Amino acid sequence: MKSSIWIIFVLVMGCAQPMEESESVPFDVMVHRYETNPAFTRGKARFLPLDIFIASEAAVGAYQVELVVEKGTSEIVGVEGATLPGFTEPPLYDPEALNHRRIILAAYNTEKSIPAGRHRVATVHMLETGNSSVMYRLKTIAAANDVGKPVQFQAELAGREN
Amino acid sequence: MSEHLTDFELELCRTGEMESSEHLALCPECAERLAQLEALVTRLQEPVQRPLSFNRVDEIVFKTIEQRVDVVTAQSVRRSRRRRMSYRWLGVAAAAGMFLFAGVYVFQSFGPSTASKNVTRSPLANDLNDDGQVNIIDVFQKARELERTGASDRNSQVELKQIAAQVVDLDNGDER
């Protein structure tokens, strides 16, 4: 009898999921593509620093972007932070991304935020080995202001090709 | 003195088939042997008292076994009846649980609270702001919460690092 009561109790508790509701926050995902100049590709390996910029109308306390090699032969070999106070350390990333074609970058600082405007937040070092140009794609995932509220932002890529 | 009497001669003397000899009257040893022989015959002629017949022993043993079997059977019946009852209650409980589960599922799936609204439920444990994904905003909010509460213990920091690692994990995102 006791065991029956316990079974009913456990089943009821299992069924009783919390009825909390949450509205999904609309966030406009933005994508920026950058294609390397074919003139710089001479059929030999080269290192290319790819600067990542973010632009927002509000101060940014946290950001997250995703970089993908869409076309061509290139792989990630290193990640560097910004010169902005509070963001000089390399952003967070999965070490598995090194020597691969995709990386998710994220950084935050609860004390110092990135001022409103356009700023370089990171540099990703790439190793290109193909004969053709490489297409990179940068996608915004999320950003928050200095108190943790989601904010819209844009992200851009720029290669130091010279 | 002549030779002692043999056992046979003593027996004949006892039964009177032979007259008592002069030797028997003078020899205390033969007189003693004759007395022993008579006593033996007397004891053999007495009715023998047997302690218990085998039939009686069997009867007692079987009765004891029967009593024991009765007790064990009664206990077994009681136990089996109790077990049958518990199985019956278990079945009732399972049926009630399934009925409740089905009711809750139907209510949550087709009930008015979710049917009329566009609601998204976050299945992610670390989705602190309930926006349907674990991202850097959740890490930021967690870090702020830890700062606000002053929780600087190792477990809190490990938890924060785990969420951060989940955020940048390559298994996340659109292109896995």
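Which residues are linked with A:Arg33 in a network of salt bridges? The network joins A:Arg33, A:Glu70 and A:Arg137. A salt bridge here is a side-chain nitrogen of Lys or Arg within 4 Å of a carboxyl oxygen of Asp or Glu. By this rule the count over all chains comes to 12 salt bridges.

The structure is a predicted model, in which local features need pLDDT of at least 70 and side-chain atom pairs count only at pLDDT 80 or more, whereas totals for chains, interfaces and linings use all residues. Residues are numbered from 1 along each chain as its sequence is written, chains are lettered from A and ligands numbered from 1 in the order in which they are written, and side-chain values use heavy atoms, with hydrogens and water left out.

The architecture of chain A consists of one helix and eight strands. These elements are DSSP runs numbered from the N terminus, with helices (H or I) of at least four residues and strands (E) of at least two. Read from the N terminus, their order is α-β-β-β-β-β-β-β-β. Of the 162 residues in this chain, 46% are buried; buried means under 20% relative accessible area, exposed means over 50%, and partly exposed lies in between (1.4 Å probe, protein chains only). Among contacts in chain A between residues at least 6 apart in sequence, 82% join residues at least 24 apart, a contact being defined as heavy atoms within 4.5 Å. Chain A exposes about 8,300 Å², and carbon and sulfur atoms supply 55% of that area. Accessible areas come from the Shrake-Rupley method with a 1.4 Å probe, and for residues only the protein chains shown count as cover.

Within chain A, four strands form an open sheet in the order 4-6-2-8, with antiparallel pairing. Strand 4 (74–80) and strand 8 (154–159) of chain A each have a single partner strand, so they stand at the edges and one side of each is left without a neighbour in the sheet. From one strand to the next, the twist averages 30 degrees; axes are lines fitted to C-alpha atoms, for helices over the stretch in contact, and angles run from 0 to 180 degrees between N-to-C directions. Two strands pair if DSSP finds at least two bridges between them. Strand 2 and strand 8 of chain A pair in the antiparallel sense over six bridges, and A:Ile52 stands opposite A:Leu157 in strand 8.

A:Glu128 forms one with A:Arg46, and the closest N and O atoms are 2.9 Å apart. A:Glu128 lies in strand 6 (residues 117–128) and A:Arg46 in strand 2 (residues 46–56) of chain A, 82 residues apart. Both A:Glu128 and A:Arg46 are buried. A further salt bridge brings together the side chains of A:Arg102 and A:Glu66 at 2.8 Å, N to O. This pair connects strand 5 (residues 102–108) with strand 3 (residues 62–71) of chain A across 36 residues, and A:Arg102 and A:Glu66 are both buried.

Chain B has seven helices and zero strands. Buried residues make up 19% of its 176 residues. In chain B, 32% of the contacts with a separation of 6 or more are between residues 24 or more positions apart. The chain exposes about 13,600 Å², of which carbon and sulfur atoms supply 56%. A salt bridge in chain B joins B:Asp7 and B:Arg33, with the closest N and O atoms 2.5 Å apart. B:Asp7 belongs to helix 1 (residues 7–15) and B:Arg33 to helix 3 (residues 28–45) of chain B, 26 residues apart. B:Asp7 has a relative accessible area of 56% and is therefore exposed, whereas B:Arg33, at 25% relative accessibility, counts as partly exposed.

Aromatic pairs complete the account. Rings of Phe, Tyr and Trp (its six-membered ring) pair if their centres lie within 6.5 Å; planes under 30 degrees apart count as stacked, over 60 as edge-to-face and the rest as tilted. Over all chains, the count comes to two aromatic pairs. A:Tyr63 and A:Phe87 form a tilted pair, 6.4 Å centre to centre with 35 degrees between the planes. A:Tyr63 is in strand 3 and A:Phe87 in the loop between strand 4 and strand 5 of chain A. A:Tyr108 and B:Phe140 form an edge-to-face pair, 6.4 Å centre to centre with 90 degrees between the planes. This pair crosses between chains, from strand 5 of chain A to helix 6 (residues 136–149) of chain B. A:Tyr108 is partly exposed, with a relative accessible area of 26%, whereas B:Phe140 is buried at 0%.
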